[in-house]
Amino acid sequence: MKSSVIVFPGSNCDRDIAVALEKMQFKNTMIWHKETVLPKSDLIVIPGGFSYGDYLRSGAIAGKSKIIDEVIKAANSGCLILGICNGFQILTETGLLRGTLLRNKNLKFINKDVRIRVMNNDTKFSNKYKKDQILKINIAHNEGNFFTDRKHLEELKKDELIAFKYCDEKGNINEESNPNGSIDNIAGIFNSKKNILGMMPHPERMIDEVISNKDGLNLFSSLIN
Amino acid sequence: MKITNEIVEKHGLKPEEFEIIKKLLKREPNLLELGVFSAMWNEHCSYKSSRIHLKKLFTKGKRVIQGPGENAGVIDIGDDDAIIFKIESHNHPSYIEPYQGAATGVGGILRDVFTMGARPIALLNSIHFGDPKHPKTKSLLNGVVSGIGGYGNCIGIPTVAGETKFNETYNENILVNAMAVGHAKKDKIFYSKAKGINKSVVYVGSKTGRDGIHGASMASAEFDENSDEKKPTVQVGDPFTEKLLMEACLELMKDNSIISIQDMGAAGLTSSSVEMASKGSLGIELHLDKVPCREENMTPYEMMLSESQERMLIILEDGKENAAKRIFDKWDLDFVVIGKTTDTNNLTLKYKNNIVGEIPIEALASKAPIYDRKWIKKKPQKNKIDLKNLKKIKIEDALINILSSPNHSNKSWITNQYDQMVMCDTAQKSGSDAAIIRIHNKDKAIAISVDSSANYCKSFPLTGGKQIVCENWRNLIAVGAKPIAITNCLNFGNPENQEIMGEFAECLEGIKEACKFLNYPVVSGNVSFYNGTNKKNIHPTPVIGGVGLINKLSKPLNHKFKKENSFLLLIGKTFGHLEQSCFLKENYSIDLGMPPEINLLNEKNNGESLLQLINEDLVLSSHDVSNGGLITTLSEMSLSSLYGAKINKPKKLTNLINYFFGEDQARYVIEIEPHNFTKVEKILKNNDIFFENIGYTQEEYFEIEGELKISTKELFKINNRWYNNY
């Protein structure tokens, strides 16, 4: 499998995701934002960070960058796209994913390990997980409070487009287990064709027992399948 | 313009210093030159009051590649790996403008580290605030924490450890010390010393604005009621640009283009250019028309004194300009050749084809004044505290008062605002004795901790200085690391006051003695004087940042109890020293008496023996005993885990308060498997270590035989109580 990681000025999880992809035997290429041609890839990852300083609005400038046109083209032709954290914010700015990410409910940056529940394991991103499996995973963001309109929310539910929801250790999805105020505890969503996943938590941080755990590995092994 | 006495004073220079300037120049300086002198001769840049004392520090060692005097210290951690690190203060700006002050403190220390060729891998901080009830404390705390997080999170370097303390001594002068740690290849370290004549001097990074003019001079004076007016002297940080600058510099460092490189920190263009020239015994000529400016009509004076952030000065090898420029173009950063090295030994400033300033480099650097300020020795305090005269308190209540106090409460509400995991090598985060960062793609790791003990230093600086080095050393040992070297940030009051200068001299003497005995050299640091407002000085607060090495990291060691029915051993002797203790401070508001004695021999022996136990894989969890004594240590081990402990009453020391709350030094609590007891006992006895078997771990409850029984969950709640109500 070939993967490409888009690097914007201010991306800072680009190395981390590259390490994870290479560990899982992806043939990975880093793509600088000024490039106008994307190599043929099975997976494109938009990593976390503060693209263009997140000035204006998180992901807003990256969403209008040159390379993004190529990402949109690839997405429309069925290429798998994974946006993590700032990558998720960028995907919503491009319109590839609907909804938006508001400031965290407590108005502070939050970095901690939280639990998320796998809501749909019948996708290219999640087939190695069990349905309702609980993952311990790190979040690190200022604007991770997912919001969308009622109609889209209904669609997300009906078409099983919710990838992950924040939960507690036992899998309960409630206000206490919602770290940032996201609507319905949503931590990650798919587009309607399920070839695009945007998520706030960082699976690339959970691939090594010495550092954290291996709960993120199966996302990558699902993809390589 | 005629330089009047008033202008001289406004530049923070004394009349007698102005006389020296005239002698060195053999004429009167113009305003630009006076500005350059003030930037170089202020306390912050020249270390004029501290230099003769700093020279006495212990700075050498087998693993020291670069000691104090460069942008940061460099140590050898084996193979081809070097660790580059330093701590620096940003106290004054953070009090005036907490967010930007703290943010640019982080930015500045990061530049010191990547200037030398290291990729930063961790950030730490030590922040001190006034009484939580003081009207300014809350907003200063919020501002500083957001500033530290805002910068580190954006640039993508994990903030992994630190300390947050409160004491009324900082009511009107908070402390914000930031430490950065980077990793480099031993043969790829870059220095600031200029070499060769007619080499291009290149300006890279952000444009120069009018922010931060006279910042370093501001940081070299006490505050008064008009300090809010000093806001314009605080710089504004842009972590996004710093990220670009860091990546561009690290990219340029891959080949051999750079002769020397220096970041523009305090005193900006002035200090960077003078430092490079001075170290290389050369002259330097700058064409100020070429300096990229953010604002129109900036004068040479403003350009030379601006402390705009995210800028670097580089001296390049011949013919490397174009390739280097391509890298900076890629990252959309300015890259302008603004001058050259010369053989004149002068700083020559040209503007619109005129020489607007010319000063011999040595007048700015080696000939800057050095003061051997008068100081007085602190007399040992004799006020003995008799427990019998104090109102009786139950052990349980005393413990609760400590655990729920601002200084001892859980700080995760702060550390959760910092990205601790980015770069994916953080094996241990804040909240343990030391953070552990793995070296990327390797098995080895470093442990890092920052520590201070201002109350001990205030009551008896010599012991306080020793204690703080030992405590830092202990924190690294407790996570299984071999301590290698330290950086220090010396926060003190007004050095012109003989008592304060005494605190400085004696703390330094203490630091030196401990460093020497423990073979724990100082490789970098920073001095911050004039911490005070209207003649009220802060407590002497030296902060030590230590780095230790873990050769093979399999599983990070921390202080959380791991299972039930493990044995608990207390390593080190308990005498029950209560003067200057948390017990007296938090329960009776008493801070009298002497700090606990430091016995360096025991310190070394106990620490090295524990390290031996850890290396033989005999320790399940370990924690050093520090503020709050044994009972606080044990509570911390309980409340952070699922297990509690059952502790026996001591056999020898009959007064339980002394036994459980005494702050005797060189002690650790360890948890071991019962079946390993004989092995552990043998090693400790062989090494002549005093230890006690104090009890065992159990499910759910923290218990002292016949005295108290609290569930670990309850302890956790108590420990989080203060912030939840703040």
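**Helix packing and its setting**

Modeller: Chain A holds five helices and eleven strands, where helices (H or I, at least four residues) and strands (E, at least two) are DSSP runs numbered from the N terminus. This is a predicted model, in which local features need pLDDT of at least 70 and side-chain atom pairs count only at pLDDT 80 or more, while totals for chains, interfaces and linings use all residues. Residues are numbered from 1 along each chain as its sequence is written, and chains are lettered from A and ligands numbered from 1 in the order in which they are written.

The part to examine is helix 10 of chain B, residues 239-252. Its axis comes within 8 Å of that of helix 8 of chain B (residues 137-155), and the two cross at roughly 40°; axes here are lines fitted to C-alpha atoms, for helices over the stretch in contact, with angles from 0 to 180 degrees between N-to-C directions. Helix 8 and helix 10 of chain B are therefore oblique to each other, given that angles under 35 degrees count as roughly parallel, over 145 as roughly antiparallel, 65 to 115 as roughly perpendicular and the rest as oblique. The crossing of helix 8 of chain B past helix 10 of chain B is right-handed, meaning that the near helix is turned clockwise from the far one by less than a right angle, anticlockwise being left-handed. On the helix 8 side of chain B, the residues B:G150, B:Y151, B:C154 and B:I155 meet B:P239, B:F240, B:E242 and B:K243 of helix 10 of chain B, a contact being two C-beta atoms, placed from the backbone, within 7 Å. By class, this contact between helix 8 and helix 10 of chain B has five nonpolar, one polar and two charged residues, with Ala, Val, Leu, Ile, Met, Phe, Trp, Tyr, Cys and Pro counted as nonpolar, Asp, Glu, Lys and Arg as charged, and the others, Gly among them, as polar.

Helix 7 of chain B (residues 98-114) also packs on helix 10 of chain B, at an angle of about 5° and with the axes 11 Å apart. That makes helix 7 of chain B roughly parallel to helix 10 of chain B. Here B:G107, B:L110 and B:F114 of helix 7 of chain B meet B:P239, B:E242, B:M246, B:C249 and B:L250 of helix 10 of chain B, and the residues of this contact divide into six nonpolar, one polar and one charged.

Elsewhere in chain B, B:Y530 has phi near 60°, a positive value in a residue other than glycine, and lies in the loop between strand 18 (522-528) and strand 19 (532-533) of chain B. B:Y530 is buried, with 26 other C-beta atoms within 10 Å; a residue is buried at 20 or more such atoms within 10 Å, exposed at 12 or fewer, and partly exposed in between, with C-beta atoms placed from the backbone.

As for the partner chain, 20 residues from chain A and 25 residues from chain B make up the contact between them. Helix 1 (14-23), strand 6 (110-118) and strand 7 (134-141) of chain A are the elements that give two or more residues to the side of chain A that touches chain B, and strand 6 of chain A gives the most, with three residues.
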